[in-house]
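Please examine the structure shown here before reading further.

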Amino acid sequence: MRFYTHLAFGIIIASLFTKPPWLVIASGFFALIPDIDAAGSFIGKRLPLISGSVQLLLGHRGIIHSLLAAIAAAGIAYVIMPALALPAMVGFCSHLALDMLTPEGVSLFYPLSSKRVRGPIRTGGIIEAAILIILVFLLGHWTLDILGQHI
Ligand SMILES: [Zn+2]
């Protein structure tokens, strides 16, 4: 899936789990992190040395796209700031959930199992576009809800 779909989905899913807007938005950014294992991704292009090294050593959609990495990310976030642990876990897992819908899939339980969980939705295809339209609508609703609480 494209980075903007991951960002929007991470925010919408986090809005179901937590209320403070900054934590919800943080989850959207955590939803971008798994693609650090792809040098050509949105985050990979912004951190080329790290991304290139991770892709070379671990491969794209390997261990960085697993539940183990999600737990590690939440643990690191917790050490940095405990309030970030939930957004990190939610954002990371939202990324994995979307990537599981694509034909490439993810090895969710790597390294225990290399079996990939896959789906039929092509990255950048018409179904992703439809999902994005729904997510943008929901983002608008969430934004109006937040603004309504502060006006
Ligand atoms: Zn990914």
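I63 touches L58, L68, A69, Y110 and P111, when residues up to four places away in sequence are not counted; two residues are in contact if their C-beta atoms, placed from the backbone, lie within 7 Å. This is a predicted model, in which local features need pLDDT of at least 70 and side-chain atom pairs count only at pLDDT 80 or more, whereas totals for chains, interfaces and linings use all residues. Residues are numbered from 1 along each chain as its sequence is written.

I63 is found in the loop between α4 and α5. Helices here are DSSP runs (H or I, at least four residues), as are strands (E, at least two), and they are numbered from the N terminus. I63 counts as partly exposed because it has 16 C-beta neighbours inside 10 Å. By definition, a residue with 20 or more other C-beta atoms within 10 Å of its own is buried, one with 12 or fewer is exposed, and one in between is partly exposed, the C-beta atoms being placed from the backbone. From C-alpha to C-alpha, I63 and R122 are 21 Å apart in space, and they are 59 residues apart in sequence.

One of the residues that I63 touches is P111. The peptide bond from Y110 to P111 is cis, with omega near 5°, and P111 lies in the loop between α6 and α7 (126–150). R61 is placed in the loop between α4 and α5 (67–80). Although R61 is not a glycine, it has a positive phi of about 60°. R61 counts as buried because 21 C-beta neighbours lie inside 10 Å.

Consider next helix α4 (residues 48–58), whose buried residues are S51, V54 and Q55. They cover an arc of only 95° around the axis, so they are on the same side of α4; the arc is that of the directions from the helix axis to the C-beta atoms. An α-helix has 3.6 residues a turn, so residues three or four places apart point the same way. The buried residues of α4 pack against α3 (42–46). The face of α4 turned away from its buried side carries the exposed residues L49, L56 and L57. Just after α4, G59 takes a positive phi of about 80°.

How do the axes of helix α1 (residues 3–17) and helix α6 (residues 85–99) cross, and within what distance do they come? They come within 9 Å and cross at roughly 130°. Axes are lines fitted to C-alpha atoms, for helices over the stretch in contact, and angles run from 0 to 180 degrees between N-to-C directions. The angle therefore makes α1 oblique to α6: angles under 35 degrees count as roughly parallel, over 145 as roughly antiparallel, 65 to 115 as roughly perpendicular and the rest as oblique. In this contact, T5, H6, F9, G10, I13, A14 and F17 in α1 meet L86, P87, V90, G91, S94, H95 and L98 in α6. By class, the contact of α1 with α6 has eight nonpolar, six polar and no charged residues. Here Ala, Val, Leu, Ile, Met, Phe, Trp, Tyr, Cys and Pro count as nonpolar, Asp, Glu, Lys and Arg as charged, and the others, Gly among them, as polar.

S94, in helix α6, counts as buried because it has 25 C-beta neighbours inside 10 Å. Leaving aside its neighbours within four places in sequence, S94 is in contact with F9, G10, I13 and A31. S94 and L7 are 87 residues apart in sequence, and their C-alpha atoms are 9.2 Å apart in space.

Helix α2 (residues 21–30) also meets α1: their axes come within 7 Å and cross at roughly 140°. That angle makes α1 oblique to α2. L7, G10, I11, A14 and S15 in α1 meet L23, V24, I25, S27, G28 and F30 in α2. This contact of α1 with α2 has seven nonpolar, four polar and no charged residues.

The buried residues of α2 are V24, A26, S27, G28 and F30, and what covers them includes α1, α5 and α6. With their axes 7 Å apart, α2 and α6 pack at an angle of about 45°, and α2 is therefore oblique to α6. L23, A26, S27, G28, F29 and F30 in α2 meet P87, A88, V90, G91 and F92 in α6. The residues of this contact divide into eight nonpolar, three polar and no charged.
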